Structures are given as C-alpha cells and as structure tokens.
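Subject: Structure for your review

Dear colleague,

Please find below a structure that I am handing over to you, together with its sequence. My findings are set out after it.

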Amino acid sequence: MLNLIFVFAIIISFVFYFYFKTKQFRSPLPIAKNWYKSKANIGLGSLILSFALNQAYLFPSLFTFIIVAILAARGILVIVENIKKARHYGQFVEEEFRINQ
C-alpha cells in the first residue's frame, strides 16, 4: 500500500513538473517565465524526494539508504530553494501580466 502512495506521488510530481515546464516555454514574459521555472523545479524536487523514499521502501539495504539520504537531501534543498524563488517572483507576476496586456 505504501508503495502505491509513493508511485502516485511520483506520477503527480512528474505531471506537475511537465505542466509548469511547458508553461515556462510558452510564456513570453521574463518574470512569469522565472516563476513557472521555479514552480516546475518544486515538482522536480518532489519527484526526486518521492523516488528516493520509494527506493528506500523497496530495497532496504545500507547502500540504498546512503543513496536515498543523498537524494532526499537534494530533493528537499531543491524544493525549499524554489519555494523561496516562486514566492519572490509571484509578487511581480500579476503586475507584469497587467502591464503587458
């Protein structure tokens, strides 16, 4: 059952990443592009984190736990860093849309 939850989280994270990466490429506005990039990277970080947790659940060995610790730390760092970036760019996105319409 826990494996299904991790697989579901992996799929949702990938969809989240793909959606915002597509929005990033299609946006002509620079601040909106950076905002979408930050949101896509949050999805990527959660994908890395959920993949690491899934591997720890499936293959419980010392070597796996070492790799999982590295991946989980990296995933958490990517998520935290890009949440800060998304909040920063989010302040200016609405204004940029309003100015450029």
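The notes that follow take up the packing of the helices, several individual residues, the salt bridge and the nonpolar surface patch. Please bear in mind throughout that this is a predicted model.

Packing of the helices

Two packed helices are described by the angle between their axes and the distance between the axes. For helix 1 and helix 2, the axes come within 8 Å and cross at roughly 160 degrees. Helix 1 is therefore roughly antiparallel to helix 2, an angle over 145 degrees being what that term requires. The crossing in which helix 1 passes helix 2 is left-handed.

The pairing of helix 2 with helix 3 may be described in the same terms. Here the axes are 7 Å apart, and the packing angle is about 160 degrees. It follows that helix 2 and helix 3 are also roughly antiparallel to each other. Their crossing is left-handed.

As to extent, helix 1 covers 2–26 and helix 2 covers 30–58, while helix 3 comprises residues 62–99.

Individual residues and C-alpha separations

Val15 belongs to helix 1. Its relative accessible area is 48%, so Val15 is partly exposed; the exposed class begins over 50%. Between the C-alpha atoms of Val15 and Leu47 there are 9.7 Å, although the two residues stand 32 residues apart along the chain.

Ile31 is part of helix 2 and is partly exposed, its relative accessible area being 28%.

Ile67 is located in helix 3 and has a relative accessible area of 36%, which makes Ile67 partly exposed. From Ile67 to Ala52 the C-alpha to C-alpha distance is 8.0 Å, for a sequence separation of 15 residues. Leu77 is likewise placed in helix 3. At 53% relative accessibility, Leu77 counts as exposed, because the threshold for that class is over 50%. The C-alpha atoms of Leu77 and Ala40 are 14 Å apart, and the two residues are 37 residues apart along the chain.

The salt bridge

How many salt bridges does a search of the whole structure find? The search finds 1. The partners are Glu81 and Lys85, and their closest N and O atoms are 3.3 Å apart, which meets the criterion of within 4 Å. Glu81 and Lys85 are separated by about one helical turn, because they are 4 residues apart in helix 3. Glu81 is partly exposed, with a relative accessibility of 39%, and Lys85 is partly exposed at 35%.

The nonpolar surface patch

Which residues make the nonpolar surface patch? The patch is made by Met1, Leu2, Leu4, Ile5, Tyr57, Leu58 and Phe59, and its area is about 750 Å². At least two of the patch residues are supplied by helix 1, and at least two by helix 2. The largest share, 3 residues, comes from helix 1.

Leu2 is one of the residues in this patch, and its place is in helix 1. With a relative accessible area of 38%, Leu2 is partly exposed.

In summary, helix 1 and helix 2 are roughly antiparallel, as are helix 2 and helix 3. Glu81 and Lys85 form a salt bridge, and a nonpolar surface patch includes residues from helix 1 and helix 2.

Yours sincerely

Notes: Residues numbered from 1 in each chain as written. Predicted model: local features only at pLDDT ≥ 70, side-chain atom pairs only at ≥ 80, totals over all residues. Heavy atoms only, no water. Patch = residues over 30% accessible without salt bridge, like charges linked within 9 Å, V, L, I, M, F, W, Y side chains within 5 Å. Areas by Shrake-Rupley, 256 points an atom, 1.4 Å probe, with all protein chains shown as cover. Salt bridge = Lys/Arg side-chain N within 4 Å of Asp/Glu carboxyl O. Buried < 20%, exposed > 50% of the residue type's maximum accessible area, 1.4 Å probe, protein only. Axes fitted to C-alpha atoms, helices over the stretch in contact; angles between N-to-C directions. Parallel < 35°, antiparallel > 145°, perpendicular 65-115°, else oblique. Left-handed = near helix turned anticlockwise from the far one by under 90°.
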